[in-house]
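Please look through the report below alongside the sequence and the model, which are shown first.

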Amino acid sequence: MRDFAVLESPATHQARAAEREEAQLVALYRQVVVDVVRTHPVGAYQLFECEQTRGALTRALFVWSHAHSDLGYFQGLNELVTPLFVALLCEQTDGARITPAAVARLSAEQLCAVEARLYDCLDALMGALVPLVDAAASHLHSEHMLVLFDAVLRWAAPRLAENLERKCLCTIQYAFRWCLCLFLRELPLRDALVAWDHIISDRDGPAFGTLTVYIAAAYLLQLAPVLVNLSTEDSVMLLNSPPIRWDSTATTALLDAALALRHAHTAAQKSPAAALPVLPDVPPPQTWYTIVQKAKTLQQQQQQQRKPQQQKQQH
């Protein structure tokens with residue numbers, strides 16, 4: 001017997017479409033909630049564990065992602081809103097230290113104002129990154145930044161680039177995260193705010209946010225004497241859990257190195273004879289074992305800190 005396609009009435013078709021859209025929204029909301037719970041910027045763990053903070057981030061991220069379905073939500077977007085949220089909270093608390101208790105004292109109107117401005121700031125940030133985004137090809141801004149990062153690395157440290165290639169370490173394995181979150185995960189939140197002041201106000205690069213590439217490259221060059229002596233496993237460990245204790249001096253030195261590196265790279269593109277800049281001192285190679293051990297210890301400590309959160313999620 002010949003099969004015939006079952007024709008749906010317009011009402012049935014609309015109902016099925018509504019069901020699919022609702023299922024997509026539920027999946028989006030669940031993903032946002034999961035990532036917000038995992039959001040723990042260094043130096044601000046307690047602030048991002050309080051209910052008011054998580055609620056504000058969840059609503060802003062969900063509404064923005066739903067409104068911009070062409071790009072949609074991606075892991076790392078939850079990280080990008082953290083410095084924006086803290087900066088907006090500072091306005092509401094008159095510059096006082098931001099703590100869970102300070103957030104709890106804010107009125108409902110103040111929190112609503114923070115959420116609304118957080119959405120606007122996120123929209124402006126992602127709008128500025130649009131030239132680096134190819135939504136049709138599912139390409140994020142970080143993938144375009146990696147092209148520049150790879151060129152800078154091969155120019156500034158060809159031996160290091162070759163060493164990492166021999167270990168089968170591609171830039172996407174370690175620098176993708178640096179560029180995706182504009183170097184947020186590598187710095188304590190207070191220092192990330194300083195770095196973002198430079199990144200957002202920068203107008204000398206080829207596109208918004210590309211100063212991040214030079215910050216990441218300067219950061220990697222500081223680890224170069226250590227990395228070249230490590231095995232592949234230990235190199236991955238060091239790149240993912242660097243034992244660097246950041247302070248304002250170290251952050252300022254990194255930013256100065258990034259600006260010097262960009263200036264030299266720009267000059268080299270115009271004149272190949274241009275010299276490399278003098279970057280800050282790095283640990284001597286013979287200390288690599290100590291550094292790797294510190295990295296492993298730091299990673300174990302971070303895992304211990306995450307266990308209570310994982311246990312709460314399971315229950």
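Phe 183 is buried, with a relative accessible area of 1%, where buried means under 20% relative accessible area, exposed means over 50% and partly exposed lies in between, computed with a 1.4 Å probe on protein chains only. This is a predicted model, in which local features need pLDDT of at least 70 and side-chain atom pairs count only at pLDDT 80 or more, whereas totals for chains, interfaces and linings use all residues. Residues are numbered from 1 along each chain as its sequence is written, and side-chain values use heavy atoms, with hydrogens and water left out.

Phe 183 sits in the loop between helix 9 and helix 10, and it has a positive phi of about 65° although it is not a glycine. Cys 168, which lies in the loop between helix 8 (158–166) and helix 9 (171–180), is likewise not a glycine and has a positive phi of about 60°. Cys 168 is exposed, with a relative accessible area of 60%.

The helices named here are DSSP runs of H or I with at least four residues, strands being E runs of at least two, and both are numbered from the N terminus. The protein chain has 14 helices and 0 strands. Of the 315 residues in the chain, 43% are buried. Contact means heavy atoms within 4.5 Å, and among contacts between residues at least 6 apart in sequence, 75% join residues at least 24 apart.

| Residue | Relative accessible area | Class |
|---|---|---|
| Phe 183 | 1% | buried |
| Leu 89 | 1% | buried |
| Glu 115 | 17% | buried |
| Arg 190 | 53% | exposed |
| Cys 168 | 60% | exposed |

Leu 89 belongs to helix 4. Not counting residues up to four places away in sequence, Leu 89 touches Leu 47, Ile 98, Val 103, Leu 106 and Val 114. Leu 89 and Glu 115 are 26 residues apart along the chain, and their C-alpha atoms are separated by 9.8 Å.

Glu 115 is found in helix 6. Its side chain is joined to that of Arg 59 by a polar contact of 2.6 Å, a polar contact being a pair of N or O atoms within 3.5 Å, of which, within protein, one must be able to donate a hydrogen and the other to accept it, while residues adjacent in sequence count only if both atoms are side-chain atoms. Leaving aside neighbours within four places in sequence, Glu 115 is in contact with Ala 56 and Arg 59.

Ala 56 is among the buried residues of helix 2, which also include Arg 54, Leu 57, Leu 61, Phe 62 and Trp 64.

The same check holds for helix 10, whose 13 residues should span 18 Å at 1.5 Å a residue and whose end C-alpha atoms are 18 Å apart. In helix 10, Leu 189, Asp 191, Ala 192, Ala 195, Trp 196 and Ile 199 are buried. An α-helix has 3.6 residues a turn, so residues three or four places apart point the same way. The buried residues of helix 10 pack against helix 3 (77–80), helix 4, helix 6 (108–129), helix 11 (211–227) and helix 13 (248–270).

Arg 190 is also found in helix 10, but this residue is exposed. Apart from residues up to four places away in sequence, Arg 190 touches Trp 246 and Asp 247. Arg 190 and Pro 83 are 107 residues apart in sequence and 8.6 Å apart in space, C-alpha to C-alpha.The second largest pocket holds about 360 Å³ of space. Of the 16 residues that line this pocket, the closest to its centre are Gly 43, Ala 44, Leu 47, Arg 97 and Ile 98. On a 1 Å grid over the protein atoms alone, a pocket is an open set of points with protein on both sides within 12 Å along at least five of seven lines, a cavity is a set where a 1.4 Å probe fits but cannot get out, and lining residues have an atom within 4 Å of a point. Grid points are joined across faces, edges and corners, and a volume is the space filled by probe spheres set on the points.

Helix 4 (82–92) and helix 10 (189–201) each supply at least two residues of the lining, and helix 10 gives the most, with 3 residues.

Conventions
The expected span of a helix is 1.5 Å times one less than its number of residues.
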